[in-house]
Amino acid sequence: MLANYFSWYYSRGFRGLILILGNFLKFFWHFFSIGFLSQRLFSPWKRDISFSNWRGLHPVLFFKKIIDNGFSRMIGLLIRSLVIIFGIIIEISFFLLGFVFLISWIFLPGLLIFSAIFYFSDSAGKIAGNGSLIVSLLSLTVILVSIYAFKFSRQPDLEKMELAELAKQKWFLRVWNRMGFLREDEEIKKCFSRETVLKEKLNNYGLKLESFYQIIDWEKKRIKEIEKRKRFWDQENLYAVTPVGRNWSFGYTVELDKYAKDLQKNLRAVYGEINFFGHEKDIEMAELILSRPNQNSLLLVGDPGIGKKSFVNFLAKRISERKPNDYLNSRRLVEVNLGEIVASTEKENLSEKLNRIFYQAAFAGNVILIIHNIHEFLNPEKPEKNIGALLIDYLYYPSFQLIGTLPKKEFNSFVEKNQILMKNTDKIIFEELSSADSLKSMLCYLEEKEKGSVLVTYQALEKIINLANQYIFDVPLPEKALDALESILLRFFQNPQNYLVTVEEVDKFFSDKFNISIGKVNEEEKTKLLNLEKILHERIVGQTEAINQISEAMRRARSGIGERKKPLGSFLFLGSTGVGKTETAKALAEAYFGSEEKMIRLDMSEYQTPDSIDRFVGSEKIGERSQFLIKISENPLAVVLFDEIEKAHPDILNFFLQILDEGWLTDISGKKVFFNNSIIIATSNAGAEIIKEGIEQRLSQEEIYKKIIDQTIKDGVFQLEFLNRFEKMIFFESLKEKELIEATRIIIEKISDRVYKNENIKIFFSDDFISQIIKKGYNPIFGMRSIKRFAQDKIEDMIARNLISGDWKGKKEINFDTDIL
């Protein structure tokens, strides 16, 4: 160990010392801005100069102007000279001190001997004693610094370490925690050298092998960042300190500062540790645009929540750390609140106030204005807030720089069409972050929340992204994932049930938020899914084959083995009127989504004409959104019923190819409306006669299916590609006599239940009463709808008359007999 120390001391240690001393010499020169201030020694103080604002010859005013400007330059000269002189003194002093320390480092053994001789010498006297003390202190300082530096230099290279070696590091406990373990797992550790076995072991805990390595890579990166911040002597850390006097050559912005904030001030205190992922090329391009001599303003275009504000804050962080270039490193990113200015200023005074603010920003020489939601002030349809003409006037000046943020819709709608504006600005189009980069953003967010410990497992983070993509469509990544994570953490802190936020916590949050079962199937849901046929048959009479096929498809969807980009299920119900197609859709909504209200119904007979296409997807001409798509956006977890689909216009049927295949449709605003959490059901009377004949002839489902396809295509009712998009084509047969009686009984029992619930009167009826209803009310053409209409017209009307007249007052039971029909 001692041999290694001495070997390091006169090799790497000595070279490192020279490098550190050089870093500090450069730092002091940089910190006191000696070169920068020397170049601007005679510049006016804060550009505080006066201009000629008169006509003709005015010797007094001219002389006064010369005195004012001369005074401004004298102030600048005096202050800059003092700073330069003080900086040079510090630079020389540190150079001499560093030289002494360097010599001491070289001759440390001799210093130690010299110190010992003088310390133990009685003849050296008082002066020798003082010299000995100084030498001893210097030697001790060198020793302590060298030992610290030697220890620091022996930090292991994490990139060269094997997995088993990494696991011995203290910080590796965070890896175990992130995987969901409170302590290291010996069984998994034994598999570190066998990747195939390790992969299998990790799968048992819901973790992929690549995710395991991603956790380790993230923690290694985190440790490196911590160690890097400790190396205060590195040039990058030293240069992060704001130099003195860099803003003395730039103008005052008194009026601007009333309505703006400087993003570089207290950046970390306000926003925490700022990191930005997935937009590295955009950052590079933004810095290039802002560094141009002209056309150096920028529009950031992207949907809300995509990270435009984080992008600006990260750019401010880079400038405050002096990373981009010499030009940008002296810029101030100033976020101006235009909304407040417009709201607090009379319309006739607005232009004058904005002129003062924009003039100060341009004249200052180091200001880059940040205007969020700039589209609100460029809309030609809102002249009271439109400042586009004034803004363009200033954009002609290279010293006026701007970063504006706005959504894609408004950019495409009217901003991009402003050719003069686009000529004087450049744009960067933001795309949604990938799931991988969003996960990194979540880990960065957790750095502030976890306070050094681990609270959320990696599996939980992955599940948040998956479920956010599956159930949240109106917000892009990473915001929707971060919002969900924040809510989950809030619930966890309020009622901690565990040491870590796990996948189960995530499933519970999304289940509660969207009122749908997510994650592992619990006993109650398992019972419901396994008995879905029985539950549906409580409302649906007959149609055994249809109910069985629907139940099987929904069990596949819940198990997660279905294709997730498509709807949960897509069914084409074929059969004559009144056989239970619509009632089955209602029953499915209640059984699967918890309520019959979770059904969105469209009568496709209302969409037969070409102009109905605009009502289906929205009209761009008149700016009217589709009410249907709005309902889907607001209620994505629903049964969507397209009744009598064969009556829809052919162009509308073409939209179903995308809905059933891709699981989404685009509205007039360019926004995607997703159907992948919906159950799509289309009903049709087409082929009803073929179904009836096929069942009577005892043909197989496949034979009936082929006959229907051939006939509907021949008649031009449906195209083959349309029929093939449905997951299942389900046939509903006409009800037999026994099923007809049972279905009628259900209808009358519902009426009886409503009367009992509202009036506390129990209604009884006989089998003969049911038979008589069928005899008088049933029409084979309309099926059970004719029974419902008869019950409404005869029975419900009779009940209403008796309740209103008071004939049933005081009665608890009523017997219905055939006489009342």
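This is a predicted model: local features need pLDDT of at least 70, side-chain atom pairs count only at pLDDT 80 or more; totals for chains, interfaces and linings use all residues.

Residues are numbered from 1 along each chain as its sequence is written, and side-chain values use heavy atoms, with hydrogens and water left out.

A search of the whole structure gives 55 aromatic pairs. Rings of Phe, Tyr and Trp (its six-membered ring) pair if their centres lie within 6.5 Å; planes under 30 degrees apart count as stacked, over 60 as edge-to-face and the rest as tilted.

Select Tyr5 and Phe150. Their ring centres are 5.4 Å apart and their planes meet at 85°, so this pair is edge-to-face. It joins distant parts of the chain, with Tyr5 in helix 1 (residues 2–9) and Phe150 in helix 6 (residues 125–153), 145 residues apart. Helices are DSSP runs (H or I, at least four residues), numbered from the N terminus. Tyr5 is buried at a relative accessible area of 13%, and Phe150 is buried at 8%; buried means under 20% relative accessible area (1.4 Å probe, protein chains only).

Next, select Phe358 and Tyr394, an edge-to-face pair with 5.7 Å between centres and 70° between planes. Phe358 has 1% relative accessibility and is buried; Tyr394, at 9%, is also buried.

Finally, select Tyr327 and Arg331. Arg331 lies over the face of Tyr327, 4.2 Å from the ring centre. A charge sits over a ring if NZ of Lys or CZ of Arg is within 6 Å of the ring centre and within 35 degrees of the ring normal.

Technical notes
Helices (H or I, at least four residues) and strands (E, at least two) are DSSP runs, numbered from the N terminus. Buried means under 20% relative accessible area, exposed over 50%, partly exposed in between (1.4 Å probe, protein chains only).
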